[in-house]
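Hi,

Here is the structure I promised to pass on.

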Amino acid sequence: MCGIVGYIGPRDVTHFLLEGLHRLEYRGYDSAGVAVSSLGGIEIRKREGRVSRLAALLEEQPVSGLAGIGHTRWATHGVPSDTNSHPHTGGNGEVVLVHNGVIENYDSLRTQLQGLGYVFRTETDTEAIAHLVAHHLGEQIKLGSDINKDTCLKAVTLTLGRLKGTYGLAVLFRELPDLIIAARNGSPLVVGVGKGEYFVASDASPLVGFTDQVVYLDDHELAVITADNMDLQHRETGERAPSVQTLDQVSTDTDLGDFEHYMLKEIYEQPHTIENALRGRLDDDEATAKFGGLNLSAQELRRIDRIVLTACGTSWHAGLVGEYMLEEFARVPVEVEYASELRYRNPPMSDRTMVFAITQSGETADTLAAMRECKRKGLPTLAICNTVGSTIAREADGGVYLHAGPEIGVASTKAFTSQVTVLALLSLFFGRMRNLSYQAGKRFIYNLKSMPEVITKTLEVHEKVKHVAEKYAHANNFLYLGRLYNFPVALEGALKLKEISYIHAEGYPAAEMKHGPIALVDENTPSVFIVPKSGIYSKVISNLEEVKARKGPVIAIACEGDEKIAKLADDVIFVPDVEEYLQPLVTAVPLQLLSYHIALHRGCNVDRPRNLAKSVTVE
Ligand code: AGP
């Protein structure tokens, strides 16, 4: 997590740093800070809390200079505080840096450096890096070298060789105010190339509007940047020619419009984002789906006899829906793996196994590691990703973009429905390659095409959901229960509630409840039953009755016109009736709204929930 930025060139340095930090705030918002270097030295401004607090500080105490670095923090080592905020200073202030990542051996480095007389002022792992760079710089000076670009580079390179863990780094040197050294290992970093200026950022979003020419750093690479030059180095193999790419399709559509929160805006974007996920991917004549970026021949695709979907959090829930769809329509065995587990497991996978990493951000550390592990074993490894140019999108063998636009709210909403839409398209595609009939393909397409309109209609539940939220906002425990395609939706509904309202919630397959969770049911524990019309509707109703028999309040998500449910449940939210495999797209919507309104009632920060960050770039 954490976002870093840097700038060197003729512009107002803090303007870019602040704008960039605003755009990267999704990566963490525990604190924010900048350091700006000029001939007079390096000035630091930092403050606990949001970037807006840093902006206010900079109004009171402005800084200007030749180069600068900035940071927005998601705390890993040390509580959120002014002191633990980045940038951090090494030695006696001769080195100042910002860091995204985790240094696993910081404790032993700290002890060694303290032994050498370095004074630690913070609880962070990052401070050890700053002192180490200062130390290696000092060692060279003791041997008679000057402080110049080469000695600074050597100091950073020697430091990196002693670090265990992950880092995206940007370093300033007091004696060389027109130099930034940036380095990457495991945490993303991109350099924007302008005319007589360079930009550094954790992802490409801060660069939009400033430059569209970018160089993505690979692991173990360093960029040595002055206003008119950049040298790219591999830490071990030496110099490499930077390959400058043109940035396209990165959207910074982060305007809230008339909405009070990004989460609500993104919930309302879903008819449009589902349409975007479908656009250009339906082949009516062949009754199938088509993709531009799978990068595998029809023959290679036909050989696939197993699919592994790997992801974290909400993206993992979308994967579960995908498992059900792919197995039903494509008849391919599918496994859905937590990326954090898969990266350290070694399940047998033949060369006929295809892997999809599902990720909104394209930067989730565990998903990236799991994907790399699969690639290492020679498996075709593709991404279902929203963020263009993200590390996972770039490293995958191919993939499918969601085209959902930036998702800012920490609670993922539109990305989930877009992921499910793309997985539905893949089910159709693989199904038609195997045993799905032309007529069935046609029907699938017809159903998919209707979804944007169906979701628009579903959003009409908003007022009803508001009332339900008000009634149950005081509860401290919730159960979310659904079966088959609605089991992953139950998990997703519970996750949404937990992350933004801090209420304990558990998602379960409805019938599994009898094997333990039913003990939680009492008059204070609402159960949200997702019970649209399906082949096992009556079975879910039996599960619902079991809860009612134990005095548990029931909120049902059911199909319009279902009179039976109205008699059984305490509250019903009616949604349009669609085919079972597309129900997750519909039933997820009222659950997103329910968590949103419950969180509002409880006075929670909906878009920036405590302890979380949008993009989990640490393990
Ligand atoms: C969902 O609301 C969460 N914020 C979280 O579970 C998220 O889905 C997860 O961290 C995965 O992120 P990704 O899709 O960007 O990889």
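**What turned up**

Trp316 is buried, with a relative accessible area of 10%. Keep in mind that this is a predicted model. Tyr338, on the other hand, counts as partly exposed, at 39% relative accessibility.

These two belong together. There are 14 aromatic pairs in total, and in one of them the rings of Trp316 and Tyr338 have their centres 3.9 Å apart and their planes at 10°, so the pair is stacked. Trp316 sits in helix 9 (residues 313-330) and Tyr338 in strand 19 (residues 334-338), so the pair ties together parts that are 22 residues apart in sequence.

Phe429 and Phe430 make another kind of pair: with ring centres 5.5 Å apart and planes at 75°, they are edge-to-face. Both Phe429 and Phe430 are buried. There is also a cluster in which ring pairs link Tyr7, Phe16, Phe199 and Phe210.

Now the whole chain. The protein chain has 19 helices and 27 strands. Its radius of gyration is 26 Å, close to the 25 Å that the globule rule gives for 619 residues, so the chain is as compact as a globular protein of that length. Buried residues account for 62% of the 619 residues. If you take contacts between residues at least 6 apart in sequence, 72% of them join residues at least 24 apart.

As for charge, the mean positions of the 62 positive and 79 negative charges are 3 Å apart.

Cheers

How values were computed
Residues numbered from 1 in each chain as written. Predicted model: local features only at pLDDT ≥ 70, side-chain atom pairs only at ≥ 80, totals over all residues. Heavy atoms only, no water. Helix = DSSP H or I, 4+ residues; strand = E, 2+ residues; numbered from the N terminus. Rg over C-alpha atoms; globule rule 2.2 N^0.38 Å. Buried < 20%, exposed > 50% of the residue type's maximum accessible area, 1.4 Å probe, protein only. Contact = heavy atoms within 4.5 Å. Lys, Arg positive; Asp, Glu negative; His and termini not counted. Charge placed at Lys NZ, Arg CZ, Asp CG, Glu CD. Phe/Tyr/Trp six-rings, centres within 6.5 Å; stacked < 30°, edge-to-face > 60°.
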